[in-house]
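Please open the model in your viewer and keep the sequence panel beside it.

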Amino acid sequence: MKVGDAKPASFSGLPLILLGFSFLLIIGFPRLAPDWWYFSIVGWLILGASWGTSVEVEGWTLRLKYAFGRLAINVPLSEIEDVKVVSRLERAVLIREFPGLYVLITASVLFVFLDLLLLPSGLLEGYYLGDIGLIFFGILYLAIMSLPFSRTNIALLFGVLDLLFAALLMELKVGHINPISVLVLGVFGLLFVAEYYRKDYVVITTQRKRYSLMTEEPEAVLRVLIRGVANAQAP
């Protein structure tokens, strides 16, 4: 049975490993081994595979589907110890639940920032703007994951400050501020924040791991999960 509109997030476990590997191929290989640029194409495929597609309950098992529905992570309902909705907790932040994702994003931002500093002058503008765009979205993601869900206005303020920082990097590396690039970053940054706050995040804690589901209908997801856990743990 499909669990509403819920989709599993790639915040932990194997999906997080796939996400990190895709970053390595997309961000790392083209810079560390320019002749192997084509590995970045494989990286984009792996990135797509790390995205969740659906959540299903079959018998006493919760199935989290990834890799375009081809990969299923099975979570026994009897092992679930806690289920909560992060956005409904006054001071809840996702980074407290999934520090591994924070480490991955931070490492990626630092790597790209170092790459930007080391890039020689006189290259095509796209070389610099690609790094600046990755830095912008990486910092923005770290900021919103570190803020309580009720602080949407502060997240937007962080977005504005982050955009100004991106414009400063553009001035320093490119020699001028490209208004079209700044506008594109601003629009996509706003859409990014809006998408993040449009969903709720149901955090599932088991005896060994922690998982997250993204949904716009958390009540329906909670009903299915709580009923399934109660039945699975019933004597």
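Which exposed residues does the face of α7 turned away from its buried side carry? Select I180, L183, L190 and L191: these exposed residues lie on that face (exposed means over 50% relative accessible area, buried under 20%, partly exposed in between, with a 1.4 Å probe and protein chains only).

This is a predicted model, in which local features need pLDDT of at least 70 and side-chain atom pairs count only at pLDDT 80 or more, while totals for chains, interfaces and linings use all residues. Residues are numbered from 1 along each chain as its sequence is written, and side-chain values use heavy atoms, with hydrogens and water left out.

Next, select residues 179–198, helix α7 (helices are DSSP runs of H or I of at least four residues, strands runs of E of at least two, numbered from the N terminus). The buried residues of α7 are S181, V182, L185, G189, V193, Y196 and Y197. They lie on the same side of α7 because they cover an arc of only 120° around the axis, taken from the directions from the helix axis to the C-beta atoms. Display α3 (94–97), α5 (125–146), α6 (152–174) and β6 (200–206), against which these buried residues pack.

Now move to residues 61–66 and 71–76: strands β3 and β4 pair in the antiparallel sense over 6 bridges (pairing requires at least two DSSP bridges between two strands). K65 has A72 in β4 as its bridge partner, and Y66 stands opposite L71. In the hairpin, with 4 residues between the strands, select A67, which takes a positive phi near 50°.

Key: The expected span of a helix is 1.5 Å times one less than its number of residues. Contact means heavy atoms within 4.5 Å.
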